[in-house]
Amino acid sequence: MLAIIITNNPQVKEEYGDKYQIALIEGTYLEVLYSARDKVHEGHRLLTHPLSGSVKPNETPYKSLIISKEKQSLHMDSLMIIEDSIGTAQKFMNTKMPRQWNDEILRDFMEIDFRLISSGIESMRQFC
């Protein structure tokens with residue numbers, strides 16, 4: 001599959017690391033978005049929306065998204081989406097900083113993110 005998964009979720013890397021190129025970010029939700037923005041500037045396209053799901057950026061520490069593996073010219077729609085998503089995430093973070101969650105809740109958030117990206121992968125497979 002011609003895709004890269006950008007994630008800070010170890011569960012996503014464990015499950016999909018042998019099937020997809022994984023860019024594991026040792027950082028925050030916002031750092032995942034910044035990494036995706038850097039890749040969009042290099043010519044990659046967003047294949048999943050950076051704010052997918054109903055969990056707000058200040059409620060979960062985990063985020064995974066998919067970009068194209070191949071580079072083309074700068075895709076303005078992808079750039080606008082990632083920039084708007086970063087602005088939205090920053091707004092949520094400034095309104096209410098993420099809480100410090102215990103390990104059990106962190107595992108739940110990992111699972112939510114994992115399910116969201118798995119759904120995105122399934123949708124992508126149908127169209128690629």
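Biologist: What do the side chains of K71 and E42 do when they meet?

Modeller: They form a salt bridge, 3.9 Å from N to O. The term means a side-chain nitrogen of Lys or Arg within 4 Å of a carboxyl oxygen of Asp or Glu.

Biologist: Before we go on, what kind of model is this?

Modeller: It is a predicted model, where local features need pLDDT of at least 70 and side-chain atom pairs count only at pLDDT 80 or more, while totals for chains, interfaces and linings use all residues. Residues are numbered from 1 along each chain as its sequence is written, and side-chain values use heavy atoms, with hydrogens and water left out.

Biologist: How many salt bridges in total?

Modeller: The count comes to 6. One of them joins E83 and R37, with the closest N and O atoms 3.9 Å apart. This pair also links distant parts of the chain: E83 is in helix α3, R37 is in helix α2, and they are 46 residues apart. E83 is partly exposed at 33%. R37 is partly exposed too, at 23%.

Biologist: And which one sits in α4?

Modeller: E111 and R115 both lie in that helix (residues 103-127), 4 residues apart, about one turn. Their side chains meet in a salt bridge at 2.5 Å, N to O. E111 is partly exposed at 28%, and R115 is exposed at 56%.

Biologist: Which residues are linked in a network of salt bridges?

Modeller: E15, D18 and K19.

Biologist: New topic. How far does α3 reach?

Modeller: Helix α3 (residues 76-95) has 20 residues and spans 28 Å from first C-alpha to last. That is close to the expected 28 Å; the expected span is 1.5 Å times one less than the number of residues.

Biologist: Which of its residues are buried?

Modeller: In α3, S78, L79, I82, S85, I86, A89 and M93 are buried. They cover an arc of only 135° around the axis, so they are on the same side of α3. The arc is taken over the directions from the helix axis to the C-beta atoms.

Biologist: What does the face turned away from that side carry?

Modeller: The exposed residues M80, D84, K91, N94 and T95 of α3. As for the buried ones, their cover includes α2 (29-41).

Biologist: What covers the buried residues of α2?

Modeller: The cover includes β1 (3-7), β3 and α3. Contact here means heavy atoms within 4.5 Å. The buried residues of α2 are Y29, L30, V32, L33, S35, A36 and V40. The helix has 13 residues and reaches 19 Å, close to the 18 Å expected.

Biologist: What follows α2?

Modeller: G43, with a positive phi near 115°.

Biologist: What does S68 touch?

Modeller: Leaving aside neighbours within four places in sequence, S68 contacts L2, A3, I4, H44, R45 and L47. S68 lies in strand β3 and is buried at 3%.

Biologist: How about I22, which strand is it in?

Modeller: Strand β2 (residues 21-24). I22 is buried at 18%. Not counting residues up to four places away, I22 touches I5, T7, K13, Y16 and G17.

Biologist: Last one. How many cavities of 30 Å³ or more?

Modeller: The search of the whole structure finds 1. On a 1 Å grid over the protein atoms alone, a cavity is a set of points where a 1.4 Å probe fits but cannot get out, and lining residues have an atom within 4 Å of a point. The largest cavity holds about 70 Å³. Points are joined across faces, edges and corners, and volume is the space filled by probe spheres set on them.

Biologist: Which element gives the most to the lining?

Modeller: α4, with 4 residues. The residues lining the largest cavity include Y29, F109, I112, D113 and L116.

Conventions
Helices (H or I, at least four residues) and strands (E, at least two) are DSSP runs, numbered from the N terminus. Buried means under 20% relative accessible area, exposed over 50%, partly exposed in between (1.4 Å probe, protein chains only). On a 1 Å grid over the protein atoms alone, a cavity is a set of points where a 1.4 Å probe fits but cannot get out, and a pocket is an open set with protein on both sides within 12 Å along at least five of seven lines; lining residues have an atom within 4 Å of a point.
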